[in-house]
Protein chains: 2
Amino acid sequence: MRASQFYLSTLKEAPTDAEIVSHKLMMRAGMIKKLSAGIYNYMPMGLRVIRKIEAIVREEMNRAGAVELSMPIVQPAELWQETGRFDKMGDELLRFKDRHERDFVVQPTSEEVITDIVRQDVRSYRQLPRNLYQIQTKFRDERRPRFGIMRGREFTMKDAYSFHVSFEDLQREYRNMYDTYSRIFTRLGLQFRAVAADTGAIGGIGSHEFHVIAETGEDAIAYSPDSNFAANVELAEAVAPASPRPAPSAELTKVHTPGAKTIEQLATFLKIDARLTVKSVIVEGEDGKPVLLLLRGDHELNEIKAAKLPGVFSPLRFATPASIREAFGADPGSIGPIGFKGQIYMDRTVASMADFVIGANENDQHYTGANLGRDFPEPEAADIRNAVAGDASPDGKGVLAICRGIEVGHIFQLRKRYSEAMGCKFIGEDGKEQVMEMGCYGIGVTRIMGAAIEQNFDERGIIWPDAIAPFRMVICPMGWSRSEAVRDTATALYESLKSAGIDVILDDRDERPGVMFADWELIGVPHRVVIGDRGLKEGQIEYQGRRQSEATRLPAEGAAEALLALLK
Amino acid sequence: MRASQFYLSTLKEAPTDAEIVSHKLMMRAGMIKKLSAGIYNYMPMGLRVIRKIEAIVREEMNRAGAVELSMPIVQPAELWQETGRFDKMGDELLRFKDRHERDFVVQPTSEEVITDIVRQDVRSYRQLPRNLYQIQTKFRDERRPRFGIMRGREFTMKDAYSFHVSFEDLQREYRNMYDTYSRIFTRLGLQFRAVAADTGAIGGIGSHEFHVIAETGEDAIAYSPDSNFAANVELAEAVAPASPRPAPSAELTKVHTPGAKTIEQLATFLKIDARLTVKSVIVEGEDGKPVLLLLRGDHELNEIKAAKLPGVFSPLRFATPASIREAFGADPGSIGPIGFKGQIYMDRTVASMADFVIGANENDQHYTGANLGRDFPEPEAADIRNAVAGDASPDGKGVLAICRGIEVGHIFQLRKRYSEAMGCKFIGEDGKEQVMEMGCYGIGVTRIMGAAIEQNFDERGIIWPDAIAPFRMVICPMGWSRSEAVRDTATALYESLKSAGIDVILDDRDERPGVMFADWELIGVPHRVVIGDRGLKEGQIEYQGRRQSEATRLPAEGAAEALLALLK
């Protein structure tokens, strides 16, 4: 492509309503143009990125045995009423009436339509399993669209749906999709993690999210750098230290701790590490009585985990200060297990502690040298805290680190939620009619574009991974109109690279070097060649990778071969 | 692709609401599946055809210098209000309100959005010309969707829009697009005609429709088999015979013609050819007085042409029987020019006639041997009739034939209709602000699929052109599970053809030959190879083209090379 024949439109300043880096850079680089809140034009430069993402997704889905089809954007309400989603979904489901006053929706996903197709076409176990997908425009009428295309209203998604004779076969395909997604994000050139996830509103049981790792990500992820373990921090198992509990070595001693109401104040007052303290959290039991939860002082209660404890009210309710005072005879900040007759649970980590500091159930009093079993009965241990960096990884491989991520893919085991509601059945090998098991697998195609930028940028602009760069290489001739030697060398190199299948753009706009460089660094083309008269006199041209701070000189003779080797 | 891994779903019977051949065959072949009136799922087999059409359209648009982008399906009403189309367009424009009660439309085309983009980005003549296109889902809420995807509500269109500094430059690009469209339809493997067209509702001046030729087409087209002339029959110029008018050779004779009110009755009564008669049609003039139009007896008045005659009321109004009686003293069926004092026009063909039969302005009386100039003043000649087969082609090359066509493409010179209304301006070389000239160029991607079938089918099913066939070749092994020799030969041939880049499908479903053949003939794969034990014993396999009535035997040894040569 020659720049003069392409559509370039860069901006010096991002529009003021662009909040995050990827949004600002996409607007400035002329990748997208806003049409309405959460609705964007994909300009030629941005569309090239989208098409490359789509091509990789399509190739890997096909390789995995999925088959592409295309379902309508406008869908009749009847199907959505069969599953109840027409009424249950909020205003983000765009509903409208056609000219004959019949109800329709603009698809946010296509579970209903695909299930309708399969229930019509598939009658026998011999026709299963099936995995069908589309890459299609979706619409969700978000109340407050933001972050550019990261949380827009109109977007492109790859959505796949699989149908099975059994849960076992669903699990096999789920694993197949898990591996396929891993290949896709690897090929896209992105750092990512598959994260064990809550299932959210879409329904089903097993579920993983695929996150692109980026400091600006919305979600915190606990992962092991030494394995492929990763989970949302809220869901990650918090493993107890492997070391056995030391024997008690200190006496239980009551200490006056005036004003020490928080763990931080207590540790400061006693001049000890917070990890030597145990904090007491009181929640409501199912019977309305207080339940005492013990955690190491520096740890955080995980409310989802705690709500699952036997006898604890779910969703979790914290006890009021009044009820705490009544049950413990002291205010929050000075309470503890010694003398408490109600239900107690301790976090697994507490189970490995000895000689700790704990509230004495008297205001401004704590015990030091407290020990399980010796000073109070050893409570039941459970995982009730958030995982933190440094915890052992639950899979036994290495220790956890915490990072932030942007969700770009999601795989679900839907099971029979849709197939049951819509009567999507087959005749099994035994001649009996059964409801199909279903899985669904989404990838946010347009969202990946934003996430890739959040992961790859610097102060000059975007830094695209090679696989999804709008152009892999740009040739910048210095003095296009002035120097025939520059023009000829640049054109010859461009033609060689192009015929070798490299996605190269020749900047023949005759702009000043500063303008050219700024444009291509902003746009984020990963490889740049500069050709000028001065270099050519010495038989040289310059190459610079987008992440490199300095250019390398290459002999002009045989430059195409050298560059091709470099791009491999 | 192996058939067992693909999604095949053929039907013995077409659904009863399928009206035309292409709709029936697409439903039966499992190419599409109805979701709602005029809204279809593109099943895997059909989507392959769509993707091939899109790829050819995209390649040729890029080659022509157009640049691809993608505009949203959901568009804000504000832009549509700028051009007045939000109010002017009928119910086929799907309008809705979002959750914040703001007006939106689902795009049927994108003139407003593209003009909005260009008015933001383009400021100088140096940035022009531009031709931008998208291949995108469109929605038109047709009152009565029919003919399957030929007149559906949701469909895919390639829409391109060009912007220019001058009308001359628009005309250059219009010619470029005309040539590009011709290349596209040629590559698609379709018989087509570019047809000079009325501009219709979209506005503008110059306009051509591209029609796929098919007996079932909605439009009648006059064309010359000896040139590229083609026009809608209503718009085609009707050329006068080249031969000069013979000298009068008969006397003007009044003949009693009882009951001969139509030309047919008159010709039968007089035992002459209708081409020797002249008929009189009376229309209203702008002044309310009758205007007499003379046509050869077998010709049809063209109302569009006649309404453009000086002094004739437009749109055309026929005179009432009463006013005819008053002006001519006779009833329609017996009237003529002799003695009539008002305005008379004759068709150009009448101008070359002598010794003709014409009404005598007395009931049941006609003249034979009438002659122009001698028996009444020679009226002004004009083109006021429909062209018919056998007319000389207006471009001087050959004679016209009439065929029927399905419109699949349309190119327009929009001029300044949208750019003026939306203030899409540039600074010219002279420093002055000017409004851009615009063109627009559409191709009905999904419609082409239907039109291709209307042009290419037989009683067994579809016959795809190679370029857009879902698969180019199918390998049918006889006894897949029974014969290892068949399985090995079929698999080896499949792998060879696949690695040579042929889009081949191996039917490994282990179906009976009759089922296999019926499926692939219905689906319309253009090339078929049959491999069976009997043939293999003689070292032979069978090849049959979809249009051939018999198979050819090929040596199994080297079959891949032979087939590759044949496919070239």
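Helices (H or I, at least four residues) and strands (E, at least two) are DSSP runs, numbered from the N terminus. This is a predicted model, in which local features need pLDDT of at least 70 and side-chain atom pairs count only at pLDDT 80 or more, while totals for chains, interfaces and linings use all residues. Residues are numbered from 1 along each chain as its sequence is written, chains are lettered from A and ligands numbered from 1 in the order in which they are written, and side-chain values use heavy atoms, with hydrogens and water left out.

**View 1. The loop around B:F147.** Start with B:F147, found in the loop between strand 7 (130–139) and strand 8 (154–164) of chain B. Leaving aside residues up to four places away in sequence, B:F147 is in contact (heavy atoms within 4.5 Å) with B:E19, B:I20, B:H23 and B:E218. B:F6 is 141 residues from B:F147 in sequence, and their C-alpha atoms are 27 Å apart.

**View 2. B:W520 and the largest nonpolar core.** A nonpolar core is a set of buried Ala, Val, Leu, Ile, Met, Phe, Trp, Tyr and Cys residues joined through side-chain atoms within 4.5 Å; buried means under 20% relative accessible area, exposed over 50%, and partly exposed in between (1.4 Å probe, protein chains only). The largest such core has 209 residues, and A:M31, A:W464, A:W520, B:M31, B:W464 and B:W520 touch the most other members. Zoom in on B:W520 and you will find, beyond four places in sequence, contacts with B:A3, B:L8, B:M45, B:V474, B:C476, B:I505, B:D507, B:R509 and B:V525.

**View 3. Where chain A meets chain B.** Here 53 residues of chain A are in contact with 53 residues of chain B. The two chains bury about 4,500 Å² between them, 57% of it on carbon and sulfur atoms; buried area is the accessible area (1.4 Å probe) that two parts lose on being put together, summed over both. A:Y7, A:L35 and A:R99 supply 16% of the area that chain A buries against chain B, more than any other three residues.

**View 4. Charged pairs across the interface.** A salt bridge is a side-chain nitrogen of Lys or Arg within 4 Å of a carboxyl oxygen of Asp or Glu, and six of them link chain A and chain B. One to look for joins A:R153 to B:D98, with the closest N and O atoms 2.9 Å apart. Several elements give two or more residues to the side of chain A that touches chain B, among them strand 1 (32–36), helix 2 (44–63) and helix 5 (111–121) of chain A. Helix 5 of chain A gives the most, with six residues.

**View 5. Salt bridges within the chains.** Over all chains, the count comes to 95 salt bridges. A:D17 pairs with A:K34, the closest N and O atoms being 2.8 Å apart. This pair links distant parts of the chain: A:D17 is in the segment before helix 1 (21–28) of chain A, and A:K34, 17 residues away, is in strand 1 of chain A. A:D17 is partly exposed at 35% relative accessibility, and A:K34 is partly exposed at 33%.

**View 6. One turn of helix 2 in chain B.** B:E60 and B:R63 form a salt bridge, with the closest N and O atoms 3.0 Å apart. They are three residues apart in helix 2 (residues 44–63) of chain B, so about one helical turn separates them. B:E60 is buried at 1% relative accessibility, whereas B:R63 is exposed at 57%.
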